[in-house]
Amino acid sequence: MEFLGKLHETVVKYPMTDIWMDSCGEEELEYGLKRGIVGATSNPSIVGAVLKEELPMWEGRIKELIAENPSDGEEDIVWKLIYEMVSIRSKKLLPIFEETKGKKGRLSLQVSPKYYRNKDKMVEQAVYISSLAPNMQVKLPASKAGIEAMEEATYQGVSINATVSFTVAQAVAVAEAVERGLKRRKEEGLETETMSPICTIMIGRTDDWLKKDCTQKGMVMMPEAMEWGGVAVIKEAYRIYKERGYCTKLLSAAVRNQYHWCELIGGELAQTINYSWHKRLNACQVEVTERMSHPVDPKYMEVLNTLPEFHKSFDEKGMAPEEFVNYGGFKDTISSFIADYDNLCRMIRSYIIG
């Protein structure tokens with residue numbers, strides 16, 4: 001068989017390892033679907049980036065939405081636009097969703113990043129997003145309030161995707177919340193078989209934070225070791241998930257190097273990869289072979305284990321849920337997500353004001 005790149009080879013040889021596209025862009029989805037992707041992710045940041053690339057396609061519709069809703073503010077128009085875009089793009093994945101009876105073929109959309117402290121607002125928006133299309137999946141941040149929202153949203157039939165998540169402690173808290181939500185549904189005789197909860201670990205951003213923390217503290221660390229923190233974290237979370245039989249599946253995100261893909265090959269998990277890294281990895285020369293069962297090199301673990309922030313990331317009891325919002329990666333990521341959301345609102349505001 002002739003493979004259309006290394007990621008295509010990955011999904012053919014290791015069908016338990018799903019590859020997703022980290023975008024809801026039309027070009028990106030078409031590219032990925034030809035190469036075996038079975039899911040996609042979006043959030044206001046991603047929608048903003050897609051909108052810039054596809055502006056000729058959407059500019060007329062933006063103006064129509066403003067004209068059709070004369071009393072709406074910029075945020076109202078932003079969400080109408082987001083909901084419309086993801087509803088349309090979710091259809092590209094619908095055949096996969098139908099073929100796998102809901103286990104694959106979903107498009108994830110994140111609730112407003114500004115809601116990360118408000119359980120009730122997150123649940124309300126999650127339920128609405130889930131109603132947009134049969135194959136929607138809803139991203140909720142792994143803050144304490146977000147994890148509480150995940151339990152309630154799961155109970156209400158929403159397939160969740162935990163995001164702004166970087167650590168084993170968060171991943172375990174997410175899985176336990178989903179188990180509670182599913183248990184409540186089952187006790188009431190409600191359907192759970194077609195639900196597909198996911199917990200993202202943004203392993204590249206885990207690495208980003210560990211490097212940033214070392215820089216802030218004036219530390220000099222072995223450069224190669226600093227590329228393995230996120231891989232170590234997701235392998236540890238995967239071990240725990242398998243050991244405990246959680247219904248939630250892990251999803252890796254925020255690719256920064258080849259290890260963030262190749263070291264997870266053969267694992268029963270998913271990887272969401274942005275368009276740029278799809279093309280880079282598809283063209284690389286790395287051998288496609290099972291590595292999920294390979295532990296991180298002890299010499300790198302020895303270096304990582306000298307870092308208090310790595311212990312927060314790697315240890316199941318490294319943080320309590322109340323502490324998740326104080327983790328450096330969480331603060332950096334939620335800040336960037338809110339800033340991107342504000343930029344999207346500013347863009348729509350310019351059309352409203354004229």
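Trainee: How many cavities of 30 Å³ or more does a search of the whole structure find?

Mentor: Start with the general idea: rolling a probe the size of a water molecule over the atoms shows where empty space is left. In this predicted model, the search turns up 1 cavity of 30 Å³ or more.

Trainee: Which residues line the largest cavity?

Mentor: Leu7, Ile19, Gly32, Arg35, Gly36, Ile37, His278 and Asn282 do. Sorted by class, that lining has 3 nonpolar, 4 polar and 1 charged residues.

Trainee: Let's turn to helix H13. Which of the residues in H13 are buried?

Mentor: First, the helix rule: an α-helix has 3.6 residues a turn, so residues three or four places apart point the same way. In H13, residues 275-282, the buried ones are Tyr275, Trp277, His278, Leu281 and Asn282. They sit on the same side of H13, because they cover an arc of only 165° around the axis.

Trainee: What do the buried residues of H13 pack against?

Mentor: Their partners are helix H1 (6-13), strand S1 (18-21), helix H2 (26-34), H12 and strand S8 (270-273). Have a look at the N-terminal end of H13 too, where Asn274 is the cap. A side-chain oxygen of Asn274 lies 3.2 Å from the backbone nitrogen of Ser276.

Trainee: Now the pockets. What is the volume of the largest pocket, and which residues lie nearest its centre?

Mentor: The largest pocket has a volume of about 690 Å³. Its lining has 35 residues, and Asp22, Asn43, Ser45, Ile46 and Ala49 lie nearest the centre. H3 gives the largest share of that lining, 8 residues. By class, the lining has 15 nonpolar, 12 polar and 8 charged residues.

Trainee: And how much space lies in the second largest pocket?

Mentor: About 540 Å³. Of the 29 residues lining the second largest pocket, Pro197, Cys247, Thr248, Lys249 and Glu268 are the closest to its centre. Here the largest share of the lining, 3 residues, comes from H11. The lining divides into 14 nonpolar, 6 polar and 9 charged residues.

Technical notes: Residues are numbered from 1 along each chain as its sequence is written. This is a predicted model: local features need pLDDT of at least 70, side-chain atom pairs count only at pLDDT 80 or more; totals for chains, interfaces and linings use all residues. Side-chain values use heavy atoms; hydrogens and water are left out. On a 1 Å grid over the protein atoms alone, a cavity is a set of points where a 1.4 Å probe fits but cannot get out, and a pocket is an open set with protein on both sides within 12 Å along at least five of seven lines; lining residues have an atom within 4 Å of a point. Grid points are joined across faces, edges and corners, and a volume is the space filled by probe spheres set on the points. Ala, Val, Leu, Ile, Met, Phe, Trp, Tyr, Cys and Pro count as nonpolar, Asp, Glu, Lys and Arg as charged, and the others, Gly among them, as polar. Buried means under 20% relative accessible area, exposed over 50%, partly exposed in between (1.4 Å probe, protein chains only). Helices (H or I, at least four residues) and strands (E, at least two) are DSSP runs, numbered from the N terminus. The arc is that of the directions from the helix axis to the C-beta atoms. Contact means heavy atoms within 4.5 Å. A polar contact is a pair of N or O atoms within 3.5 Å; within protein, one must be able to donate a hydrogen and the other to accept it, and residues adjacent in sequence count only if both atoms are side-chain atoms.
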